[in-house]
Amino acid sequence: MMAQVIDGKAFAGRVRAQVGEHVGRLKAEHGLVPGLAVVLVGEDPASQVYVRSKGKQTVEVGMKSVEHRLEVDTSEADLLALIKALNADESIHGILVQLPLPKHLNEELVIGSIDPAKDVDGFHISNVGLLGTGQKSMVPCTPLGCLMMLRDHHGSLSGMDAVVIGRSNIVGKPMAQLLLGDSCTVTIAHSRTKDLADVVRRADIVVAAVGRPEMVPGDWIKPGATVIDVGINRVPNGEKTRLVGDVDYDSCAAVAGAITPVPGGVGPMTIACLLANTLTACCRANGLPEPEGLTA
């Protein structure tokens, strides 16, 4: 029996609808409009497409969308001055600096200059520390999307054995913290983990975020386990290319109980959670109750 497909595109649509409903109530009851500012430095094609999509979806849910497109040779001082101005702008509740930045700019310094309360990417060291100690924080969008899908599929995650393959600061580590927060027993595995296949086989939940095309085969998966594939890898396909995840979809789907596809799984949830984070930041900034089900 093939695994149930967790449709991230459809789920993201439901999340955006929830965000839109909350935004409508904020406007009607409090005269508030959540605002998201996206800063793009340079002309990286993939980043440009992503920023356009963010702007479009921000407007669709009724939020204020602001884009700052800077030249590739923009100085660090000018970028920091812009972020300082956005920090002080009360109409902006979320600030996102599109990564990667040109090599002459210090990413850690730039991210660290964002007001943690407006850090809707969840990358500021203050938010990292708050998440790691189980306190209220801004949560990185991709892990938050994974958690939402897992909660929706399973209900309670308490007591489940979870393995996160990958230890990045963007996905692997925060994903592990979120799963711990939902009372899973969590293992972070990586390229140097001994007997990796055996480690993965014991998991009720497998989150693959290692960045290696189709690295995880079906015989690593415990029958009935839930597989969340965060990987987005472009591989040759004749004269063209195709997108694949970090798991071998066909063999894993034949064993797993549920699985996310690539594309159409985790990817659409990232922008949906960015919008949810912006809404959450707006509510917190104004002392209002946070929207239920849209944060960790």
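Asp198 and Arg201 are both located in helix α8, three residues apart, about one turn of the helix; helices (H or I, at least four residues) and strands (E, at least two) are DSSP runs numbered from the N terminus. Their side chains form a salt bridge with an N to O distance of 2.6 Å, where a salt bridge is a side-chain nitrogen of Lys or Arg within 4 Å of a carboxyl oxygen of Asp or Glu. Asp198 is partly exposed at 48% relative accessible area, and Arg201 is partly exposed at 33%; buried denotes under 20%, exposed over 50% and partly exposed the range in between (1.4 Å probe, protein chains only). Salt bridges with shared partners also join Lys136, Arg284 and Glu290 into one network.

The model is predicted: local features need pLDDT of at least 70, side-chain atom pairs count only at pLDDT 80 or more, and totals for chains, interfaces and linings use all residues. Residues are numbered from 1 along each chain as its sequence is written, and side-chain values use heavy atoms, with hydrogens and water left out.

The structure holds 10 salt bridges in total. One of them links Glu60 with Lys56, the closest N and O atoms lying 2.7 Å apart. These two residues are four apart in helix α2 and are thus separated by about one helical turn. Glu60 is exposed at 52% relative accessibility, as is Lys56 at 54%. Another salt bridge is formed by Arg202 and Asp161 (3.7 Å, N to O). This pair links distant parts of the chain, 41 residues apart, with Arg202 in the loop between α8 (196–201) and β7 and Asp161 in strand β5 (residues 161–165). Arg202 is partly exposed at 40%, whereas Asp161 is buried at 18%.

An open sheet consists of three strands in the order β3-β2-β4, with parallel pairing; two strands pair if DSSP finds at least two bridges between them. β3 (64–70) and β4 are the edge strands, each with a single partner, so one side of each has no neighbour in the sheet. From one strand to the next, the twist averages 15 degrees. Strand β2 (residues 35–41) is joined to the parallel β3 by seven bridges, and Val41 stands opposite Leu70 in β3. Helix α2 (residues 45–60) packs on the sheet and touches β2, β3 and β4, its direction making about 160 degrees with that of β3. Contact requires heavy atoms within 4.5 Å.

The axes of helix α6 (residues 141–154) and α10 come within 8 Å and cross at roughly 100 degrees. Axes are lines fitted to C-alpha atoms, for helices over the stretch in contact, and angles run from 0 to 180 degrees between N-to-C directions. The two helices α6 and α10 are therefore roughly perpendicular (65 to 115 degrees). Residues of α6 including Cys141, Leu144 and Met148 meet residues of α10, among them Met269, Cys273 and Leu274. Thr278, also in α10, is buried at 0% relative accessibility. Beyond neighbours within four places in sequence, Thr278 contacts Pro34, Gly35, Leu36, Met63, His93, Gly94 and Val120.

Two cis peptide bonds are described here. One joins Leu99 and Pro100, with omega about 0 degrees, and Pro100 is in the loop between β4 (94–97) and α4 (107–112). The other runs from Val262 to Pro263, with omega near -5 degrees.

Definitions and conventions:
Angles under 35 degrees count as roughly parallel, over 145 as roughly antiparallel, 65 to 115 as roughly perpendicular and the rest as oblique.
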